[in-house]
Amino acid sequence: MKHESYDVVIIGSGPAGMGAAFELSEKAPQKKMVILDKLKYSSGGMRNDCKMNFTYPIGFPNEYWDESQAEEYLDKVSEFLKPTILPKTRIGIYQTRAERLDTKLLEIKQTHLGTDGGLQLIKQLQKELQNRDVELALEEEMLSLDPKLRQIETNKRVISYQTILISPGRQGFRFLQQTLDTLDVSYIDNIVDIGIRVETRIEHYPIVKDYYDPKFHFPDKVRTFCTNSGNAHVVKETYKTAAGLPYNSVNGHAYSVSHGKENGLVNFAMLNTVGLTEPLASGQQFAENLGIQAMLMGGGKPLMQRVGDFRMGSRSKLESFNADLYDFQPSLRGCCPGDISLAMPSRILRSLWKGMKKLDTIVPGILHPSTIMYYPEIKLYANKPTYLNKHFKVADGVYLAGDGAGTSRGITAAWASGIRAAEGMFTEL
Ligand SMILES: Cc1cc2nc3c(=O)[nH]c(=O)nc-3n(C[C@H](O)[C@H](O)[C@H](O)COP(=O)(O)OP(=O)(O)OC[C@H]3O[C@@H](n4cnc5c(N)ncnc54)[C@H](O)[C@@H]3O)c2cc1C
């Protein structure tokens, strides 16, 4: 097998990897650097929707970031990405209504490139890396690590490194756990977000005209997350359990205003954060069990239910999606009409529904009978490894960053954690 040496190796071309690559190529331009990504065209999660948040705490887990630290790194991210912040209007009205219901509407600086705009950004970033002589090795997957020899093995070669950043994103959750086991580094993963994706017509959730991605925080650790509108679509992702069984999670994205005709829909997640503490248990395993349960109920497809049916205590049927009142087609085809309350733990369902009712009081319309609830939407909270320092170092020369490593939960925070890791890596060059 071919053997090559680099000063810096970065695993994953998502925002965490990008943040580190740009920081290191600026600080140490003479060093030989490669970014590996197992996919054919990647820059990770920037390919999806590319809505970027520039205000703490969105995306920044508070175990690793306080406000001043996050703001300092966000300044660096903005300096590099130069976002055009979206305007917001009438926020005070919604905030006052929310406060009366023990709910908070966070005011966040945001930009939205859309899935098409994200692809343009990725092209520019990859070109810029080329100009800086950073090698981008696509379709190359890191398979294993030998920390004593400071080597990794990929599907194509053996690579020696001086320092390495492993930032494989949420999809690399299990791969990271294996790597942490190799390094003998302990971790816990007891937290998970379980929820639904809500889809409705824009006129039933008109707040999106005032605030693109409104972040409501309700009691019982329920929140809205990742709102998309205009040309918005719900999508299905498929993951595998430890035993190799597939399960689905839904998600959402939108195209930019300039990309094709709008479908007039809006979608967002309503998520409930669950922490398993006494006894401490794996959030990932819990989520996987729920994912499998949903697969069983939906014949291998995600479930969907109209709010009108849910309120009547009846399952949705195929007819629920073409009768006159139910006046729009689901943007995610191939889901199973059913009863999400049969598949979801009742504590989670109660908390989510309470949040939905509050939301409908703040923005009247969301509980229109035609609104669709898709289940499940699962966000694994990632592993929380024991880090050796503030630069997310786990062993000599080895650093982790990004969503899979628990240092971020979104594009800008992933980029910021890549920069923070790069500062530590720089000291080892
Ligand atoms: C549908 C969808 C929509 C989203 N929308 C938004 C949004 O609008 N705004 C927002 O802030 N966040 C959004 N997110 C979340 C966002 O994508 C992540 O927070 C962010 O991308 C995390 O960055 P990362 O660098 O940690 O990982 P990723 O972006 O996931 O990148 C990791 C990369 O590592 C590669 N990789 C994994 N394992 C290996 C290996 N063994 N060898 C080589 N390469 C490997 C993967 O192919 C991937 O390209 C969305 C996510 C999804 C799925």
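Which helices and strands each supply at least two residues of the shell around the ligand? The list runs α1 (15-27), β2 (33-37), β3 (51-53), β13 (222-240), β14 (246-255) and α10 (411-426). Helices here (H or I, at least four residues) and strands (E, at least two) are DSSP runs, numbered from the N terminus.

Before going further, keep in mind that this is a predicted model: local features need pLDDT of at least 70, side-chain atom pairs count only at pLDDT 80 or more, and totals for chains, interfaces and linings use all residues. Residues are numbered from 1 along each chain as its sequence is written.

Back to the ligand. It is surrounded by 41 residues, and the closest are G14, G44, G45, G169 and G402; a residue is near a molecule if its C-beta atom, placed from the backbone, lies within 6 Å of it. Sorted by class, the shell has 14 nonpolar, 19 polar and 8 charged residues. For that sorting, Ala, Val, Leu, Ile, Met, Phe, Trp, Tyr, Cys and Pro count as nonpolar, Asp, Glu, Lys and Arg as charged, and the others, Gly among them, as polar.

Now zoom out to the whole chain. It splits into domain 1 (3-85 + 113-187 + 383-426) and domain 2 (191-379), with bounds that come from an automatic or database domain assignment. Their C-alpha centres lie 29 Å apart. The contact between them takes 10 residues from domain 1 and 9 residues from domain 2, where two residues are in contact if their C-beta atoms, placed from the backbone, lie within 7 Å. On the domain 1 side, helix α4 (residues 114-131) gives the most, with 4 residues. That side of domain 1 has 3 nonpolar, 4 polar and 3 charged residues. And where does the ligand sit in all this? Both domains give residues to its shell, so the ligand lies between them.

Let's follow α10 next, since it turns up in two helix pairs. Two packed helices are described by the angle between their axes and the distance between the axes. For α1 and α10, the angle is about 40° and the axes are 6 Å apart; axes are lines fitted to C-alpha atoms, for helices over the stretch in contact, and angles run from 0 to 180 degrees between N-to-C directions. The two helices are therefore oblique to each other; angles under 35 degrees count as roughly parallel, over 145 as roughly antiparallel, 65 to 115 as roughly perpendicular and the rest as oblique. Residues of this contact include G17 and G19 of α1, and W415 and G418 of α10. By class, the α1-α10 contact divides into 14 nonpolar, 4 polar and 2 charged residues.

The other partner is helix α2 (residues 67-81), whose axis comes within 9 Å of that of α10 and crosses it at roughly 95°. That makes α2 and α10 roughly perpendicular to each other. Here A70, Y73, L74, K76 and V77 in α2 meet T412, W415, A416, I419 and R420 in α10. This contact has 7 nonpolar, 1 polar and 2 charged residues.

Finally, a few backbone details to look for. A cis peptide bond joins Y56 and P57, with omega about 5°, and P57 is in the loop between β3 and α2. Another cis peptide bond joins Y375 and P376, with omega about 0°; P376 is in strand β18 (residues 372-380). R90 is not a glycine, yet its phi is positive, about 55°, and R90 is in the loop between α2 and α3 (91-100).
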